[in-house]
Amino acid sequence: MFDYIAYNVCTTWGQYHWKTFDGNYFQLASSCNHVMAYQCKNHEDFNIQMRRKTVNNVSTISNITMVLEGIVVRLSKSSVTVNDKAVSLPYVLLGVAVMGTSSAITVEAKLGIKLIWNLDDSLDIEMDKKYQNQTCGLCGNFDGIPNDFMKQGKVPLQHYAEINKVDNPTESCKEPALNSVLSCGNKQYCDQIFSGASFSSCQNLLDVKSFSKACMADLCNNHTDLCQTISEYSRQCVHAGGKPAQWRNATFCYMKCPYNMEYVEHGSSCADSCSTPHASETCHSHDNAGCHCPSGTVLDDISNTGCVALDQCPCLHNGKVYQSGKSYSYSCRSWCTEENCPGMCSVEGGAHINTFDGKAYTFHGDCSYVLAKESDGFLYTVLGELVKCSLDDRMTCLRAVTLIQNKKQKNKCNKLLFILILIIKIYIYIHALKLRGFHFFHCLLPPAAEVSAFKPSSFYITITLKLGIHVMVQLSPVMQVFISADTSLKGNISGLCGNFNNIMSDDFRVISGLVEGTAAAFANSWKTKASCPDITTRFGNPCQQSITKESYAQYWCSKLTDPKGVFAPCHSVISPSMYNDNCMYDSCSCEKMEDCMCAAVSSYVYACSAAGIHISGWRKTICGTFSASCPAGAVYEYNMTCCGRTCRSLSQHDYSCQTSFPSVDGCGCAEGTYMNEAGNCVPEGSCPCYDKDTIIPPGQTISKDGSTW
């Protein structure tokens with residue numbers, strides 16, 4: 001038994017060669033559609049099918065179909081579709097990632113399956129060991145014994161091919177008669193190829209004898225077939241941990257690459273590109289052979305001009321390409337160039353997190369987590385408490401946001417201490433709001449030297465720290481939080497919001513310095529209580545569980561992407577696609593569908609507002625319930641403010657008028673009316689007076705310093 005068997009790989013390549021998970025080699029010359037692997041007792045977990053065709057007497061793979069926990073991925077040389085919709089790569093959906101390079105497509109599922117197709121003749125399937133003794137199909141039963149087709153001492157391969165054949169509804173594909181494997185080549189010649197210096201690191205990892213037999217069979221046909229077998233040997237060597245040297249040359253098995261790329265036997269399977277310039281730094285997949293950019297360059301996957309220096313990359317924003325040196329900006333949001341603009345992080349729908357650097361992930365937590373903190377100190381910390389709010393594990397809610405600020409101070413021994421000066425904690429329950437840290441006024445919270453906090457509308461509370469952190473907490477219809485960080489904090493932030501260094505690929509970096517590969521592993525490291533459970537990654541489309549919910553979500557959420565709808569003016573600045581996906585997911589997961597749907601819609605409205613695009617009138621089309629439920633005496637406005645609309649502002653300085661923040665909607669007092677201590681909107685004559693913290697009811701007078709007022 002060879003060490004490579006432990007890698008759990010089934011592969012097919014070249015002139016109909018196959019190797020099962022257990023290392024059984026055979027040939028099956030067929031152009032029928034076959035099932036390579038599926039879980040015998042539970043067909044719904046995974047089902048992988050493949051069809052070959054012959055082009056100029058050379059066998060190639062034409063179609064691959066994968067069903068992975070209900071998600072259908074179809075691959076061909078001309079297209080990639082997921083659930084019958086054409087997608088561009090990379091593409092990620094509910095635990096299934098489809099990635100592509102110029103020489104391969106990789107499909108990886110978190111359930112423990114990885115598929116690599118070289119866009120030609122070779123297809124590898126890597127299977128997690130948990131599926132041992134559970135697989136059926138031409139890749140064998142995965143029991144560790146290389147006798148997958150043995151039956152009473154015979155090898156009924158044609159029988160296995162027939163029972164694993166899957167015809168289209170109008171097709172009746174006939175399996176060809178299986179002839180004995182030809183052997184035309186010189187055995188010594190083939191042995192020398194696989195035992196030569198180029199493959200010295202491979203000989204103890206692979207079954208050289210079986211590859212030598214495949215080589216001899218290939219020599220019965222043409223030179224191309226032999227090159228495909230040597231290529232497969234090199235690929236499997238890399239997968240097994242070997243490092244084959246360059247064995248191709250201009251006259252033997254030469255591979256021509258597009259643009260100015262070069263072919264290497266083991267390069268990163270996560271190629272650096274203009275879209276993902278640091279992908280190789282956080283790649284957890286093994287190397288593979290293929291066309292790669294020379295050192296010091298990345299692939300221009302935006303303008304498709306080949307390999308370029310990173311500083312020469314163009315960029316893409318909402319379908320428009322901007323060449324190097326050019327940029328597009330709107331209200332300080334800039335693309336294709338660095339501007340002195342703040343970063344924005346959010347926790348939306350109780351599970352969807354967007355980092356300062358733009359990485360989006362979903363995490364269903366059940367604890368209090370650090371959202372953002374000073375990396376090398378304790379000046380500030382923003383915490384978010386996520387809780388389960390349904391029997392469905394995919395329905396979690398943001399229940400509390402806590403803001404902690406400390407102050408640096410030296411003691412008598414000149415040692416630096418951090419003195420706690422502020423804790424603000426906002427709780428939200430089904431119909432109740434509690435605020436700790438300040439006495440709560442409906443609009444304005446008394447300012448300290450380091451902080452200002454107030455409620456611009458009934459839907460939002462805003463808190464600003466002088467050091468550069470602004471927190472906007474949405475209260476209705478569900479709690480969400482939006483955190484803005486000043487550029488002075490760039491590179492010195494950590495937590496679920498990432499590190500704010502303009503590099504999206506390292507946002508999952510934890511305290512140890514390592515970059516975690518999954519959102520769950522990363523988020524678990526930021527728990528504030530060791531007693532909280534570690535959350536495992538959960539997948540599945542909640543809309544697949546109910547046709548009624550899916551129809552409801554599709555009808556309302558699609559209004560976000562309507563090119564002629566009320567949200568269209570913002571499409572060129574903020575793409576609505578992610579918000580539409582979150583809207584569908586949350587609407588189908590939530591018990592109160594309208595609340596979750598409207599929260600997702602309001603997230604898009606807030607993102608547009610932060611980018612300088614104010615959308616009004618949208619509640620006439622969607623989510624009108626919340627604008628019609630203002631308390632008596634209050635009004636709804638799309639750009640609500642409490643600046644100059646409180647009784648306190650008539651007697652004291654109104655600090656809310658000095659704070660800049662994105663416009664928000666909600667209920668509040670109409671212009672000319674003022675909010676009193678009871679939260680009611682009243683005319684000026686009904687307002688009390690204020691002497692610092694002393695409240696003087698309307699109609700009463702007091703004497704102070706010889707004056708009566």
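**Figure 1. Disulfides across the whole structure.** A search of the whole structure finds 21 disulfides, a disulfide being a pair of cysteine sulfur atoms within 2.5 Å. This is a predicted model, in which local features need pLDDT of at least 70 and side-chain atom pairs count only at pLDDT 80 or more, while totals for chains, interfaces and linings use all residues. Residues are numbered from 1 along each chain as its sequence is written, and side-chain values use heavy atoms, with hydrogens and water left out.

**Figure 2. The disulfide of Cys345 and Cys497.** A disulfide joins Cys345 to Cys497, with an S to S distance of 1.9 Å, and the link is left-handed, with -70° about the S-S bond. The pair links distant parts of the chain, 152 residues apart, since Cys345 belongs to strand β24 (residues 343-348) and Cys497 to the loop between β37 (493-494) and α5 (519-524). Here helices (H or I, at least four residues) and strands (E, at least two) are DSSP runs, numbered from the N terminus. Cys345 is buried, with a relative accessible area of 0%, and Cys497 is buried with 1%; buried means under 20% relative accessible area, exposed over 50%, and partly exposed in between (1.4 Å probe, protein chains only).

**Figure 3. The disulfide of Cys570 and Cys608.** The sulfur atoms of Cys570 and Cys608 are 2.0 Å apart and form a disulfide. The torsion about the S-S bond of this pair is about -110°, so the disulfide is left-handed. Cys570 lies in the loop between α6 (547-557) and α7 (577-589), and Cys608 lies in helix α8 (residues 593-610), so the pair ties together parts that are 38 residues apart in sequence. Cys570 is buried at 0% relative accessible area, and Cys608 counts as buried at 0% relative accessibility.

Figure 4. Cys669 and Cys681 are joined by a disulfide with an S to S distance of 2.1 Å, and the torsion about its S-S bond is about -95°, so the disulfide is left-handed. Cys669 is found in the loop between β39 (664-668) and β40 (674-675), whereas Cys681 is in strand β41 (residues 681-682), 12 residues apart. Cys669 counts as buried at 3% relative accessibility, and Cys681 is buried with a relative accessible area of 17%. Cys689, by contrast, is in no disulfide, and the nearest cysteine sulfur, that of Cys687, is 8.6 Å away; at 33% relative accessibility, Cys689 counts as partly exposed.

**Figure 5. The largest nonpolar core.** This core has 49 residues, and those with the most contacts inside it are Phe356, Ile469, Val471, Val481, Ile483 and Leu496. A nonpolar core is a set of buried Ala, Val, Leu, Ile, Met, Phe, Trp, Tyr and Cys residues joined through side-chain atoms within 4.5 Å. The largest share of the core, five residues, comes from strand β27 (residues 367-374). Not counting residues up to four places away in sequence, Leu496 touches several residues, including Ile353, Tyr361, Tyr369, Leu371, Phe522 and Trp526, where a contact means heavy atoms within 4.5 Å.

**Figure 6. Salt bridges.** A search of the whole structure finds 11 salt bridges, each being a side-chain nitrogen of Lys or Arg within 4 Å of a carboxyl oxygen of Asp or Glu. Glu162 forms a salt bridge with Lys165, with the closest N and O atoms 3.1 Å apart, and Glu162, Lys165 and Asp167 are linked in a network of salt bridges. Glu162 is partly exposed at 38% relative accessible area, whereas Lys165 counts as buried at 17% relative accessibility. Arg509 and Asp506 also meet through their side chains in a salt bridge (3.7 Å, N to O); Arg509 counts as partly exposed at 36% relative accessibility, and Asp506 is buried with a relative accessible area of 8%. In another salt bridge, the side chains of Asp534 and Lys527 meet at 2.8 Å, N to O, and Asp534 counts as exposed at 53% relative accessibility.

**Figure 7. Helix α3.** Helix α3 (residues 208-218) is mostly covered, as nine of its 11 residues are buried. Among the buried residues of α3 are Val208, Phe211, Cys215 and Met216.
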